[in-house]
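Open the model in your viewer and keep the sequence panel beside it. The stops below go from the whole chain to single side chains.

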Amino acid sequence: MIDSRHPRLALVFGVLTAIVVLTAAVWSSGYRQALTALSERSASDLELASDRVSTQLENYREQAVLMVDHPVLQTLDNAAGRRLATALLREVADKTGAADLFYVDRSGTVLAAAEGIVGAGIAESAYFRRAMQGALGAQPMVLPGTGQRVYFFAAPDFGPDRKVRGALVVVVDIEEVEQTWRGSLPAVYFTIEDGSVFMSNRSELLFWHRDVGRPGLRPPEAEPLPLTVSHIGGHELWRLGWSPYLPKDALHLGIDLPAIDMQGEILVDVTSARRLASLQAMAMAAVCVAFGMILFLASERRRTLALANAALEVRVETRTRALSDANQQLRREVREREEAEAALKQAQAELVQADKLSALGQMSAGISHELNQPLMAIQQFAENGQAFLERGKADRAGENLTRIAQMAARMARIIKNLRAFARNESEPVGRVDLVSVITTAVELTETRLRDHGVTLDWQPPATGPVWARGGEVRLTQVFVNLINNAVDAMMGQEARHIRIAIAPGPRLTATVQDIGPGLEQPEKVFEPFYSTKAVGSSEGMGLGLSISYGLVQSFGGNIRGTNTAEGALFTVELDDWKEENAA
């Protein structure tokens, strides 16, 4: 038990207990919601599988109905007619994939057959008796001896007197039907009237019966398969553990198929639902723990401050009494307090500066512009993808999803590079096309250039790509910053023009020149928080060129700013990738 004399320990225990209970409730709720969503998707999968099987079997049903009136089957009263009918049945069986086709008279005697897998007579068969009553007979069966699973369709043959004189039987090989969907996910199976599994895309389920005491079509010597059934939120869950190809814990759904006298059932792995519920529960637990830690630290701080205040009061009282004892002691105390105050102010000034530097990794520094366009593109592609899905154009929707993934990957790279720069870390560099980088930067700033009436002179070299050492995203950020700074510099004048060029040499150089007023202090333009804008301006904090400087330095390049007769000129120097490899 928790000792009541330790209220802090009791509080911690109570908070932890509340977090555990809340986390369990979130997990339970999330698991039920995930099961509901999984059930809806699985029901659709089961309907599709059932429609596929029903369509395949109904094709053979229609085959029996259409062929029973064939003229060749009306001449079975002599040996020549039977030979002709046998040849016809074999030809049809070969073309349609049926296991067998045969014709029987009213006594159940086989008069002509393609393969003869049922022997000489079928008088005791249920499907035959049904056909003799003038209706279409159908019956699933496992052939004795061979163990082959087949489905019989018997179409009655009416004579001129409208009485049944025989029947044409089409035999369907169930294994041939299963070949089109065997091994697909999830596990689907179809049971017949006695509850035995007759068809499945998992061989482990064949002949299994849900009731342990009723083996159904399963061989008597086979061991019963364990099954534990539970219900959560109206969903039926099975625990199997039969095979590595079947889920250990599965959601079970069923659907009646009266057209083929079967019931379709599906087993869907619930691992994804549990994983989703666990993620939700962990997120809630993390939030609760973080909130609890904040409360705990706040209470600890208050307690510490109270103790400090009490100690301070004691010290003040002691010092006050000591002041009356000696004037010299008073002057010494005053001097010590003045020194302590100066040290405190110095520490505060250093703390403010450290806080500014740490904020460098958290400020946007152009990230709003870099992420706004990919976000808008993602929204557009998502809306287009939804429209394509509604029109049934899944391929076009897939293209939109690919573009969304590319945009998301690009945004992730931008954020990763900004974080790496804030930590003052250098990432491995690689080969980048300088022409493509500048073209991308121009495209990103095209809207702003057009809005502010800025003309741009940029002609990619006719020789094709110019390969340099660097990072594509970081280098693009550099030129975006340079272009934006050039636009800002020319906002106070009518004529606005930017020229960008690439020049070969010992080191590749890319220049960005404007026709603005130039740089007031070229030696300070790359210092953090240096800006010529008014204090409190919403257009920047003087970090753009500082960030650009760090990005270029991170992969061994250099950047400098100078004044020309026309305006400011920024030069970016990079190592040539070809020269490096040749060396």
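How much accessible surface does the protein have, and what share of it belongs to carbon and sulfur atoms? The surface comes to about 33,200 Å², and 56% of it belongs to carbon and sulfur atoms. Accessible areas are from the Shrake-Rupley method with a 1.4 Å probe, and for residues only the protein chains shown count as cover.

This is a predicted model, in which local features need pLDDT of at least 70 and side-chain atom pairs count only at pLDDT 80 or more, while totals for chains, interfaces and linings use all residues. Residues are numbered from 1 along each chain as its sequence is written, and side-chain values use heavy atoms, with hydrogens and water left out.

**Whole chain.** Show the cartoon: the protein has twelve helices and 18 strands. Helices (H or I, at least four residues) and strands (E, at least two) are DSSP runs, numbered from the N terminus. Of the 583 residues, 38% count as buried; buried means under 20% relative accessible area, exposed over 50%, and partly exposed in between, with a 1.4 Å probe and protein chains only. Among contacts (heavy atoms within 4.5 Å) with a separation of 6 or more, 57% are between residues 24 or more positions apart.

**Nonpolar patch.** Select Val-12, Leu-16, Val-289, Met-293, Phe-296 and Leu-297, which make a nonpolar surface patch of about 510 Å². Helix H1 (7-67) and helix H5 (271-323) each give two or more residues to this patch, and H5 gives the most, with four. Patch residues have over 30% relative accessible area and no salt bridge; nonpolar side chains (Val, Leu, Ile, Met, Phe, Trp, Tyr) are joined within 5 Å, like charges within 9 Å. Val-12, in helix H1, counts as partly exposed at 35% relative accessibility.

**Salt bridges.** Side chains of opposite charge can pair when their charged atoms come close. A salt bridge is a side-chain nitrogen of Lys or Arg within 4 Å of a carboxyl oxygen of Asp or Glu, and the whole structure has 13 of them.

Select Asp-249 and Arg-274, whose closest N and O atoms are 3.2 Å apart in a salt bridge. Asp-249 is in strand S10 (residues 249-257) and Arg-274 in helix H5, 25 residues apart. Asp-249 is buried at 13% relative accessible area, whereas Arg-274 is partly exposed at 30%.

Next, select Arg-469 and Asp-575, which form a salt bridge at 3.5 Å, N to O. Arg-469 lies in strand S14 (residues 467-470) and Asp-575 in the loop between strand S18 (568-574) and helix H12 (577-582), so the pair ties together parts 106 residues apart in sequence. Arg-507 sits in the loop between strand S15 (497-503) and S16, 68 residues from Asp-575. Shared partners join Arg-469, Arg-507, Arg-560, Glu-573 and Asp-575 into one network of salt bridges.

**Asp-514.** Finish in strand S16 (residues 508-514), where Asp-514 is placed. The side chain of Asp-514 reaches the backbone nitrogen of Gly-516 at 2.9 Å. Show the residues that Asp-514 touches, leaving out those up to four places away in sequence; they include Ala-486, Met-490, His-497 and Glu-566.

Terms used: Polar contact = N/O pair within 3.5 Å; in protein donor to acceptor, adjacent residues only side chain to side chain.
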